[in-house]
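Me: I'd like to learn how to read a protein model feature by feature. Could you walk me through one?

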Amino acid sequence: MSELPTSPDLLAGLDAEQRRAAETLSGPLCILAGAGTGKTRAITHRIAHGVHSGVYNATSVLALTFTTRAAAEMRTRLRHLGAQGVQTRTFHAAALRQLQYFWPQSIGGSLPNLIEHKAPLVAESARRLRLSSDRAMVRDLASEIEWAKVSMHSVETYAKVVDGRDLPNGIEPVTMARIFQTYEELKDDRQVIDFEDVLLLTAAVLEDNEKVAASVRQQYRHFVVDEYQDVSPLQQRLLDLWMGERQDLCVVGDASQTIYSFTGATPDYLLNFRQRFPSAEVVKLVRDYRSTPQIVALANRILATRRIESQVPDRTVTWPEPLELVAQRESGPEPEFFEASDDAHEAEEIAQRIKALVGRGQDVSEIAILYRTNGQSEAFEQALTAHSVPYVMRGAERFFSRREVREGMLALRAALQVDSDLPAPQMVRDVLSSHGYSATAPAVSGAQRQRWESLSALVRLADEMAAAKEREGGQTTLREIIAELEERAATQHAPTLNGVTLASFHAAKGLEWDVVFLAGLSDGLVPITYAKDQAGYDEERRLLYVGITRARLQLVLSWSLARTPGGRAHRYPSRFLDSIRTVRETSNRTQPVKRRKEQKLTPAVCRECGTFLSSARERKLRRCSSCPAAYDESLFETLRTWRQEVAQANSVPAFVVFTDTTLMAIAEDKPRNLQELSRISGVGKSKLDRYGHAVLELVGQV
């Protein structure tokens with residue numbers, strides 16, 4: 001066995017900023033780390049340096065992450081650096097471990113069962129209130145409950161804040177509050193808890209029992225929090241309780257990668273870290289080791305154009321300064337943009353490109369197709385299947401929770417009772433072949449394809465373990481393979497699946513590939529339709545930034561003009577692309593489509609105070625509800641009288657001619673010609689042709 005590296009050797013491969021972070025072992029430390037800048041390398045070397053130098057006892061360090069995959073990766077790196085014993089866990093895993101240990105002595109009895117999914121209880125809560133709900137609505141209701149709990153709202157306090165929130169399917173605030181209350185009552189009746197309860201109960205035990213709190217603080221003296229921009233108020237509360245009066249805290253994050261605000265996450269704790277800890281060291285990591293200079297330049301431009309032009313003269317909306325990445329890799333191809341006639345055409349084009357890449361030797365597992373919503377995946381699944389290109393879905397059911405994986409592991413354990421001279425990887429193949437594994441992928445998508453991909457991942461892990469053991473001069477055994485699988489299952493560390501990754505932007509966070517296709521980049525998807533204020537647009541831009549920075553070598557951005565073949569080409573490229581589409585572009589459009597000149601590509605703001613407008617009525621008037629109306633009331637009444645006469649003459653309702661809101665906008669703007677009139681929301685071409693001259697004559701008379 002080779003000697004473990006000494007502390008100075010640990011830092012030899014770090015750049016100047018990473019080394020500064022790694023050598024700062026005490027006191028509060030804030031590492032602002034851009035995408036691809038080696039933050040995990042910096043913090044694992046920092047922990048290992050602290051252990052090897054004797055500043056840290058390995059078991060006194062608690063490193064917190066937001067995913068089990070990230071925790072497993074950090075644990076593996078620390079093991080290779082000779083820092084075994086460091087606790088690397090998610091917030092929930094760390095809290096659950098403590099709750100299970102301290103519950104008997106602090107509460108008494110056994111800890112209630114933990115439910116993995118809220119959906120069944122949320123659906124039952126809705127039924128009890130005689131509220132019809134489909135699967136999508138139940139998911140949205142569960143998300144709203146999660147937001148309330150991580151924001152530390154009880155049923156009582158939630159009822160006071162719900163009025164100002166956008167609720168699923170336009171549900172009434174009082175109804176949402178009752179669903180939340182019924183859900184909590186059902187949990188109490190059945191003596192179960194959810195994942196948010198794990199954090200809430202752990203925090204309550206630490207607050208109420210000084211002996212328990214002292215025991216935890218005696219155990220953990222040094223804290224590291226990765227992805228700190230995604231921390232919620234509840235997680236911050238728990239972290240504060242774990243730390244007590246100590247300040248040995250290292251946080252790592254990037255405000256430009258905050259993409260989970262809808263779950264209650266906030267970058268405020270990261271951005272205000274220096275205010276809370278005035279003596280804190282702040283280290284910025286900006287050297288990007290992941291992506292080519294061309295991709296890094298595109299990512300920087302996306303964030304550099306976040307200043308939104310306001311409709312109010314001499315007024316702009318400013319944003320926090322983002323970290324500007326500096327590429328360290330050698331040059332590569334320019335990012336490419338292409339436009340497709342419809343969704344099927346876009347998926348087909350991407351599938352063809354991927355097949356060509358694989359044919360030229362590109363590892364298929366180093367390719368990803370990323371999109372805004374999970375509902376976009378079906379077209380890509382079908383196109384890849386048609387071209388016999390393997391793919392894997394990310395963000396679906398947990399790997400070790402899949403039925404075929406659980407059945408496969410049971411079958412492998414049973415195989416231990418059978419004497420065999422076959423190599424372990426061949427035994428794995430033979431056992432799993434009776435459960436759906438074959439040497440070639442099935443030419444179908446859906447459940448059958450997922451089953452095959454899952455079993456193939458188990459076979460591939462066996463092959464990798466055998467190859468590693470052979471390099472050391474030994475042979476792996478079936479028992480060792482099963483032990484590895486069980487350890488991975490305990491930490492939810494899934495093996496690598498072999499195929500093109502299909503994932504949403506959110507599910508791709510923290511991952512990277514050689515080649516990335518960002519698909520479906522049209523207005524309405526990026527930014528999503530329900531992003532209607534400054535915070536919403538800002539988050540959508542950050543989401544695109546996260547997508548761009550997943551690519552190492554090659555990046556392709558695409559959109560389609562219509563949803564279905566032959567459909568009306570009513571879509572437009574994402575407004576975020578307007579300022580960055582200066583590189584090579586290909587187009588497969590069947591006819592030229594230009595963005596309408598009158599289309600506003602920025603969020604609408606009030607003409608009076610400059611705040612963002614949220615409702616359709618506000619956007620049509622270009623004035624928020626808080627600002628007083630400034631339209632000419634005499635002109636408005638004249639227009640209303642004229643509208644009534646026109647409506648009666650044509651036997652149509654008055655609103656068919658023009659709505660009151662449109663008339664208010666006309667009375668406020670007082671257009672002088674047809675061009676100015678056409679700019680008012682609600683005055684389309686047909687109405688302009690039919691009523692334009694009459695309206696202008698009325699405006700001129702007042």
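**Reading the model**

Reply: Gladly, and bear in mind that this is a predicted model.

Me: Is S151 buried or exposed?

Reply: The general idea is to look at relative accessible area, where under 20% means buried. S151 has a relative accessibility of 17%, so S151 counts as buried.

Me: What lies around the S151 side chain?

Reply: Look for polar atoms first, then for contacts from elsewhere in the sequence. A polar atom of the S151 side chain is 2.8 Å from the backbone oxygen of W147. Apart from neighbours within four places in sequence, S151 is in contact with P233 and G264. P233 takes us onward, as helix α12 comprises residues 233-243. This helix lies across β2, β6 (222-225) and β7 (249-253), and runs at about 160° to β6.

Me: How do I read the sheet, and what is the order of its strands?

Reply: Go across the sheet from strand to strand, noting the partners of each. Here six strands form an open sheet in the order β3-β2-β6-β7-β1-β8, and the pairing is parallel. At the edges are β3 (87-90) and β8 (281-285); each has a single partner strand, so one side of each has no neighbour in the sheet. From one strand to the next, the twist averages 15°.

Me: How many bridges join β2 to β3?

Reply: Four bridges join β2 (residues 61-65) to β3, and the two strands run parallel. Helix α4 (residues 68-80) lies across β2 and β3, at about 170° to β3.

Me: How does α4 pack with α3?

Reply: For two helices, check the distance between axes, the angle and the handedness. The axes of α3 (residues 39-52) and α4 come within 10 Å and cross at roughly 45°. That angle makes α3 oblique to α4. The crossing of α3 and α4 is right-handed. On the α3 side, the contact is made by T40, R41, I43, T44, I47 and A48, while α4 contributes M74, R77 and L78.

Me: Let me try a residue further along. Where does W642 lie, and which residues is W642 in contact with beyond its neighbours within four places in sequence?

Reply: W642 is in helix α24 (residues 633-650), and is buried, with a relative accessible area of 12%. Beyond those sequence neighbours, W642 is in contact with V657, F658, Y691, A694, V695 and L698. Take A694: 52 residues separate A694 from W642 in sequence, yet their C-alpha atoms are 9.1 Å apart.

Methods:
Residues are numbered from 1 along each chain as its sequence is written. This is a predicted model: local features need pLDDT of at least 70, side-chain atom pairs count only at pLDDT 80 or more; totals for chains, interfaces and linings use all residues. Side-chain values use heavy atoms; hydrogens and water are left out. Buried means under 20% relative accessible area, exposed over 50%, partly exposed in between (1.4 Å probe, protein chains only). A polar contact is a pair of N or O atoms within 3.5 Å; within protein, one must be able to donate a hydrogen and the other to accept it, and residues adjacent in sequence count only if both atoms are side-chain atoms. Contact means heavy atoms within 4.5 Å. Two strands pair if DSSP finds at least two bridges between them. Axes are lines fitted to C-alpha atoms, for helices over the stretch in contact, and angles run from 0 to 180 degrees between N-to-C directions. Angles under 35 degrees count as roughly parallel, over 145 as roughly antiparallel, 65 to 115 as roughly perpendicular and the rest as oblique. A crossing is left-handed if the near helix is turned anticlockwise from the far one by less than a right angle, and right-handed if clockwise.
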